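Colleague: I'm new to reading protein models, and I'd like to learn by asking about one feature at a time. Can we look at one together?

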Amino acid sequence: MKTSYTVCGICEQACGLKVSSENNQVLKIEPDKENAFSWRDYCIKGAKAHLALTHPKRITKPMKRVGDRYVESSYEEAISDIGSRFNAIIDKHGANAVGSYTGNPNGFNFGSALFQAMFLDAIGTESRFWVGSVDQNALHVVSENLYGNPWVSLQADIDYCDYFLLIGTNPQISGMCWIGYSPDGWKRVLARKDAGAELVVIDPRTTECASKASQHIAPLPETDWALVLAMIKIIFDNNWGNAPSQHLHGLATLKSHAQSADLNALSQLCDIPLDTIYRLAEKFAKAPRAMAIGRTGISQGRNGVLALWLVQALNLITNRVEQEGGVYYAVGVLDLLAAGDKLFPKSDAVSRVRGNKNVAGSHSLAELPDEITTPGEGQIRALIMNSGNPVVSGPDGDKLDAALSQLECFVVIDQFQRESHRHADWLIPGDHFLERSEINPLLQALSPAPRAQISRAAVELPDGMRYEWEFLRDLTISMNKPFVMGKQWLNPVVKATVKLANWTGNKSHGFSPMWLSRVLVKSGGMFKWKDINNAEHGLGSVDTRPQFGALFKKLSTANGKVNIAPEIFVQTLVERLKEKPADTSAYPLQLIGRRRMKMMNSWSVETSMSGMKEQEMSGGTIEINIADGEKLGIIDGQTVTVSSVTNQLQAKAKLSKDIRCGVAVMEHGWGYRTFDPKTGEGTYNGGVNRNTLVSNTDLDPLSRVPRLNGTRVSVIGVVGA
């Protein structure tokens, strides 16, 4: 029996795990209770993660398309064929003709993420698309404009907070995390509430979190910005603020626009009584210690950037940033404000068809279909998709699926052939976090206190399989592109290290992510490598108190201050304030999403949802308020047609008191197949893909995030159903 201590590679909470294995088979996964930092968020996704290792549909060898089926091949053939096809396309059409898409799992696989970026840099393409453009782009836009760096993420000082204002987040299900994490965060929030803190949740649905709140406020979707702006106006009007003006640029501009807004109009817009907003503003401003947190729920609508900006502004004008019980910038194993521009060089690349500047180095997924199908210079003709399922997780998947079928060369790296991979020319095996020994300094840099841990492989890779980073390294070298720092002369050095690794039987002896991890950890200066290597359960403790003030000392804005009123944000605010109400009679409801504890977006269905019966799956249900059901003539359990301007689908209606009027709820991540590439047979994973209702042109104008929360729909009962 072998016992390994590792870090879960499914979500940002990065729980410490204890893994028992025998004969290269995982027998059991448990929380590592000796891990001082994180294990209490351990969930069924981690507990069942090992089921992917031996899943009958798992891809363990390169698979080459032959007609409508795939046949096993060798890495040598795959690299030779892909490399020659990519080079031919680049030589004829330019580097931007080869594009990439990276999905959520890639962010938790340091080696693959790093080496994919190096591959793309080596070939020189700017045609980069990623999953962050369906949920987190708004934060990157806000951080870049306010703090000068798109990777600034502020952490929550939970244990000392007296007033929590949670907007568009449901941490009982998703964890207290979003581009940063707070281990055991939700239970710590509840502990503070039990000790007397107030917990206010703002969400159109009575979520699991909202049901435990001191107060639940349910505005209309996409109107959180109006609610927060009204709070800011009230605070300014009553001189309740305590802004650290010495650190802020544009405070007068923000104050002027807030005070000129009409409170009654804002109240009407978000559909929250003005006296409720007034009391909310007063309590937040006068609380000894408070924080406002806005997350995924508000970032996935047409006003995501606007809302997140105003949430940050609310914290700033009431002096809740870099203060005890508020939010703060944490310097961890890496200092992203110091190293961010080196790790993620700024890019001003503009999308070819719609002319949008990228966000945090990548373009919006919503733009990918047009970039593939629109003729002209820079048209994407080849694509490498790394661990993503955007046909399901993104907007208007049918359009993307049709576009993917037109590619001249389509390469997928993944553990399974999913819905988005139906047209792939090559399927390259994806490795599993239980098979990797690595440290992810980028993810661990997003912790609320310094933390470092090497995740140890519990089992070895299947025979003959390579790590994703090995494939990407070897593909770059085979294409004769400069893999390291743009230096062609280093390629022979990389090749020599690969020979050394083959000779010693230790992959890390080759040019590997572990080499670069050591360099990054050393540059951070927080921990010594030997200490990390010797710490079986990791270094760091969640009880470590933060050192406040780092954000204001490390700002990378031109004037060294927080730009609290960016011009483009103010312009958008003015436009929204002038907007006239749209005619919503054809589509009277706004569609929002929800998450399940057992699912991580759309990529853990094969494991954490295994064993569920079809009737237990709720991906085919649309939940609406009882009053809306009566108004529309819909009864509970009835089959309904759900339509938007983009598409329509059928679902089962569920009438509920937990949803406010004017809102419909459908779960994200359902309605796709997992294929067996050898036979072509697909396993249907239940429900319907609600994202087919979402347009890929109706976006937040600042972040280019589609309206996964906010798309207008109609719900009509099917006759006889």
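Colleague: Let me pick a residue to start with. Which residues does L551 touch, not counting residues up to four places away in sequence?

Modeller: First, a word on the model: it is predicted, so local features need pLDDT of at least 70 and side-chain atom pairs count only at pLDDT 80 or more, while totals for chains, interfaces and linings use all residues. Residues are numbered from 1 along each chain as its sequence is written, and side-chain values use heavy atoms, with hydrogens and water left out. Now your residue: with contact meaning heavy atoms within 4.5 Å, L551 touches Y147, V152, L154, V321, E322, Y329 and L337, once residues up to four places away in sequence are set aside.

Colleague: Which residues touch the most other members of the largest nonpolar core?

Modeller: The general idea is that in soluble globular proteins, nonpolar side chains tend to be buried together. A nonpolar core is a set of buried Ala, Val, Leu, Ile, Met, Phe, Trp, Tyr and Cys residues joined through side-chain atoms within 4.5 Å. Buried means under 20% relative accessible area, exposed means over 50%, and partly exposed is in between (1.4 Å probe, protein chains only). Here the largest core has 107 residues, and L165, W309 and L551 touch the most other members. Apart from that one lies another core, of 35 residues, including I89, I90, V411 and L475.

Colleague: Next, aromatics. How many aromatic pairs does a search of the whole structure find?

Modeller: A pair of aromatic rings is described by the distance of the centres and the angle of the planes. Rings of Phe, Tyr and Trp (its six-membered ring) pair if their centres lie within 6.5 Å; planes under 30 degrees apart are stacked, over 60 edge-to-face, and the rest tilted. The search turns up 13 pairs. One of them is Y163 with F284, edge-to-face at 6.0 Å centre to centre and 80° between the planes. That pair links distant parts of the chain, 121 residues apart: Y163 sits in strand β9 (residues 163-167) and F284 in helix α10 (residues 274-286). For the labels, helices (H or I, at least four residues) and strands (E, at least two) are DSSP runs, numbered from the N terminus.

Colleague: Is Y163 buried or exposed? And F284, buried or exposed?

Modeller: Y163 is buried, at 2% relative accessible area, and F284 is buried too, at 0%.

Colleague: How do I read a sheet? What is the strand order in the open sheet of 4 strands?

Modeller: Two strands pair if DSSP finds at least two bridges between them. The order is β11-β10-β9-β13, with parallel pairing. β11 (215-217) and β13 (290-294) are at the edges with a single partner strand each, so one side of each has no neighbour in the sheet. Between β9 and β13 there are 5 bridges, and L166 has I293 in β13 as its bridge partner. Helix α10 packs on this sheet, touching β9, β10 (198-202), β11 and β13, and its direction makes about 130° with that of β9. Such angles run from 0 to 180 degrees between N-to-C directions, using axes fitted to C-alpha atoms, for helices over the stretch in contact.

Colleague: Helices next. How many of the 11 residues of helix α4 are buried?

Modeller: In α4 (residues 137-147) the count is 9, so this helix is largely enclosed by the rest of the structure. Among those buried residues are H140, L146 and Y147. The buried residues of α4 pack against β7, α11 (296-299), α12 (304-317), α22 (550-554), β19 (562-563) and α23 (567-578). Just after α4, G148 takes a positive phi of about 85°.

Colleague: Which residue other than glycine has a positive phi near 55°?

Modeller: Most residues other than glycine have a negative phi, and most peptide bonds are trans. The residue you want is N239, in the loop between α7 (224-237) and β12 (248-249). N239 is exposed, at 63% relative accessibility. D271 is not a glycine either, and has a positive phi of about 65°. D271 lies in the loop between α9 (263-270) and α10, and is partly exposed at 41%.
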